[in-house]
Amino acid sequence: MTGIDVMLAAVGLVAVGSALAVVSTQHLVRAGLWLVVTLGAIAVEFLLLNAEFVAWVQILIYVGAVVVLLLFAVMLTRAPIGPSTDLDRPIGPAMLIGAGSGLGLAGLFVWVFADLRVKPPPAGSAERVGAAIFGDWVLPFEVLSVLLLAALVGAIVLSKKDA
Amino acid sequence: MLQPVIPMVTAAFLFGIGVFGALRRRNAVLVLLSVELMLNAVNLILVTSDVVRQQMTGQVFALFIIVVAAAEVGVGLALVLRLFRLRANINVDEVELG
């Protein structure tokens, strides 16, 4: 274990712990705020893995936009201040499937990657990511812009009063 | 030197927690939150496999997934708000079908 491994493990523990808080808290607003902690911890993991551009985009779009949208939805659906009692279904089947997929995937990754050591990659700066996007992945990038436009129009149509 | 197994296992646990939340929660907004957890786990795996393979493709795909997630959450919340306006209730197991 080198220093970067210790930091990856510590930040990973923060991410998993706050994710558990997201799915178990009885306060709607607190679930959104714990999600900020999880997304921030994942952004730090990106930084530790030298993917700095992805990390900053994660902060800008997820923490900046997606969480704010979710908190707006919480407010617009008139969620009560304080704990709600009707947020959860019985825990059994969800626990079975969630723990099965999580532990199964974790076991698979440990089995495949346990002995692997790699040297840290060169920094994923905006310049290198941009060269990859506009070199090899131009077509998916352009298709994504059409998808965003479609999502925008769809959201507006769904929000119209008389639709 | 770093061990890619650590972020991989973190991502596996995050995905499992997301699946658990999406199945257990009744409130539609909380289900969307759990879906975001699963998408982020996949992003972490993509970026880590970039480290393993020493290339950039995974980071490009992680960016694409972030954009798709933003579009998904925009449309999803519009649907949730419409459901709330129609039924004054966004519990996913009380939506009447048909």
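Reader: At roughly what angle do the axes of helix α3 (residues 52-76) of chain A and α3(B) cross?

Author: This is a predicted model, where local features need pLDDT of at least 70, side-chain atom pairs count only at pLDDT 80 or more, and totals for chains, interfaces and linings use all residues. Residues are numbered from 1 along each chain as its sequence is written, with chains lettered from A and ligands numbered from 1 in the order in which they are written. Helices here are DSSP runs (H or I, at least four residues), numbered from the N terminus. The axes, lines fitted to C-alpha atoms over the stretch in contact with angles from 0 to 180 degrees between N-to-C directions, come within 10 Å and cross at roughly 10 degrees.

Reader: So what does that make α3(A) relative to α3(B)?

Author: Angles under 35 degrees count as roughly parallel. That's why α3(A) is, relative to α3(B), roughly parallel.

Reader: How many charged residues does the contact of α3(A) with α3(B) have?

Author: Contact means C-beta atoms, placed from the backbone, within 7 Å. Among the residues making it are A:Ile61 and A:Leu69 of α3(A), and B:Ile66 and B:Val73 of α3(B). Asp, Glu, Lys and Arg count as charged; Ala, Val, Leu, Ile, Met, Phe, Trp, Tyr, Cys and Pro as nonpolar; the others, Gly among them, as polar. By class there are 18 nonpolar, 3 polar and, for charged, no residues.

Reader: Which element gives the largest share of the side of chain B that touches chain A?

Author: Overall, 64 residues of chain B are in contact with 77 of chain A. The largest share, 22 residues, comes from α3(B).

Notes: Contact = placed C-beta atoms within 7 Å. Helix = DSSP H or I, 4+ residues; strand = E, 2+ residues; numbered from the N terminus. Parallel < 35°, antiparallel > 145°, perpendicular 65-115°, else oblique.
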